[in-house]
Amino acid sequence: MSIDPHAYATTGLSQGKRPQACVLTIFGASGDLTKRKLIPALYNLALENRLPERFAVVGYARSEMSHDVFRAKMREAVSEFSRTGLKDESIWSEFAANLYFIPGSYNEPTSYKNLRDFLDGFDRGSRVPPVRVFYLATPPELYGSVIQQIAAVGLASRESDGDPRTRVIIEKPFGTDLQTAQELNRKVHEALDESQVYRIDHYLGKETVQNIMVFRFANAVFEPIWNRRYVDHVQITAAETVGVENRGGYYEHAGVVRDMFQNHLLQLLCLTAMEPPVGFSADAVRDEKGKLLKSVRPIAPEEVAAAAVRGQYGPGRMAGKEVVGYRQEPDVGKDSPTPTYAAIKFFIDNWRWEGVPFYLRSGKRLAKRVTEIAIQFKRPPLLLFKSCAVEDVSPNVLVNRIQPDEGVSLTFEVKPPGPDLCVSPLSLDFKYEQAFGNSPPEAYETLLEDCIEGDSTLFTRHDWVELAWSLMDPFIQTWQISKPRDFPNYEAGSWGPKEADDFLQRDGRRWRRP
C-alpha cells in the first residue's frame, strides 16, 4: 500500500518541542497492552490536540490482519477502554485513517525489511522526516532481539548527539535480576545510545506521582521539615484488592518483589527522599534518583529475615463474595512458595535521612485498593497535655494519595470545644478531581506524549535499573532458597499477615489503615 506522506495525521498542532511528524510502531500490536492502554491513550491525545501535526501508528505482530480489521479492533478498544469513550467520531475518523498493520515474524530479517520499506513511505516527499518511535509491547524475552533486528535493517541507528530521531520504548520488566538486566542493557547499547532508550514505568506517568516533586520543592513550608529532625518514619503502600486473575503463570515467576518493589515502590521512594535536582531536565532528575538509590543501605542475605516480611493470600471474603487463595488460582502451583505480599524496611545513609526508617509494602487481595506515601512526623513534647492520654495525641501525618482519590491530606491536632485543654485530630484534604473539575490524564497519555517530544524525565535510566535490582536481588534469592512454612498466612480481604504488624510493632510503630 502506498502512503501519501502529506496525508497522515492532522490531529494536533505543532507547538513548542513537539515534532512536526511522528510514526509510532507498536511491536505486539495484537496484545492486551495495545488495546487497553496504548491506542486509547493515543486517541485521547488526538482528542485534545496533543499529537504532532502529522502522526501515524503502525501495528506489528505475528497475527495476519488487514489495516481495516486492525482499525475496527482498535475502535472497539477505544470504545471500551478510553477514559473518554469514543467521544468524537470526526476525530476518530482522522485518527483511524492513520492506523496501519503489518504482519511479521519477530525473528525473520525479511519481516523487518518489509516493515522498513513500509515506514520509508512516510519519509518520501516530506521536508521534515518524521520522528520514529518503536514501542516494544512484546514479551520481555523478545526485547533484545527486536532491537537488534531493527538496527540490522537500518531502522534504528546508534546516535550520540543528544537529539536522536529514533526512540525505543521498552516496557517493564527490565530483566528479572541484576544479571539479566545488565545483559539486556548490553544488548540495547550495542544498537542504541542511552539517549534513544525510554524504559517505561507507568507509575511515573501518574499526575500525583509527578506532583511529589512539585509539592516538595515548590512549597517552602514543607521542605525545611523534610528530614531526620522532624520525620519519624515514612510508609509507602501499594495495596491491591485483586488477585493474580489470569496472570498466574507470570506471577509464579515474578512474585511481589519483581512485580512491584523493584520498579514502582523504589521509584516512589526516590521521589520522596531524593535531593532537589538542579533543574527539571531529564538527566538532572535521574541523577538525583541514582544518588538516592546509592545511599539506600543494602540488605545482606543474612539480614533479610530481620528487614522484611513475606506473605501469600489464602481464601477469604471480598466485597461480600468468597474468593480463592493464591494456590487455587489458575496456573499456580498447589504448594507454591511465591509471595503475594511483602513489607521491607530500608534506611537511607545520607545527611537528610540518617536513622529514618522507610517502610515499603505491597500485596494482592488486601482490604483496600490504595497507593500512598505517608510521611509521619515526630510526636511533639506532651507536657502541656497531661489531661490527655499519650495515645490520644496523634502525630502529624502528610499523605500523598497516588490512587484512588488522588490528592494530599495533612492531619493536625486542634482543641475541641469544652473546658479541658485536650487535643483532637483534624485533616486538611485536597482532592485533584474536586480542585480541577476533571480526572487527570492516564499515565500512558503523559508518557507517550513525552517520548514523542523527546523528554525522558519520567523514564528510567539504565544505571537506576541496575541499582534497583542490586537492592532487590538479596530478597529474591534468599526467599527462593528459604521456602516458607506457613503459606498462606493471610486471608484475602485483610491487611496482610500478622507478622507484618509484629514487624512494625517491634519498632514501636504500626501500619496505617488507609
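Begin by selecting Leu86, which lies in the loop between helix H2 (67–81) and helix H3 (89–96); helices here are DSSP runs of H or I with at least four residues, and strands are runs of E with at least two, numbered from the N terminus. The model is predicted, so local features need pLDDT of at least 70 and side-chain atom pairs count only at pLDDT 80 or more, while totals for chains, interfaces and linings use all residues. Residues are numbered from 1 along each chain as its sequence is written, and side-chain values use heavy atoms, with hydrogens and water left out.

With Leu86 still selected, show Tyr43, Arg75, Val78, Ser79 and Trp92, which are in contact with Leu86 (heavy atoms within 4.5 Å) when its neighbours within four places in sequence are left aside.

Next come the rings. Rings of Phe, Tyr and Trp (its six-membered ring) pair if their centres lie within 6.5 Å, and planes under 30 degrees apart count as stacked, over 60 as edge-to-face and the rest as tilted. By this rule there are 23 aromatic pairs. One of them joins Phe27 and Tyr112, a tilted pair with 6.2 Å centre to centre and 35° between the planes. Phe27 belongs to strand S1 (residues 21–27) and Tyr112 to helix H4 (residues 109–123), so the pair links distant parts of the chain, 85 residues apart.

Finally, select Arg228, which lies over the face of Trp351 at 4.8 Å from the ring centre; the rule asks for CZ of Arg, or NZ of Lys, within 6 Å of the ring centre and within 35 degrees of the ring normal.
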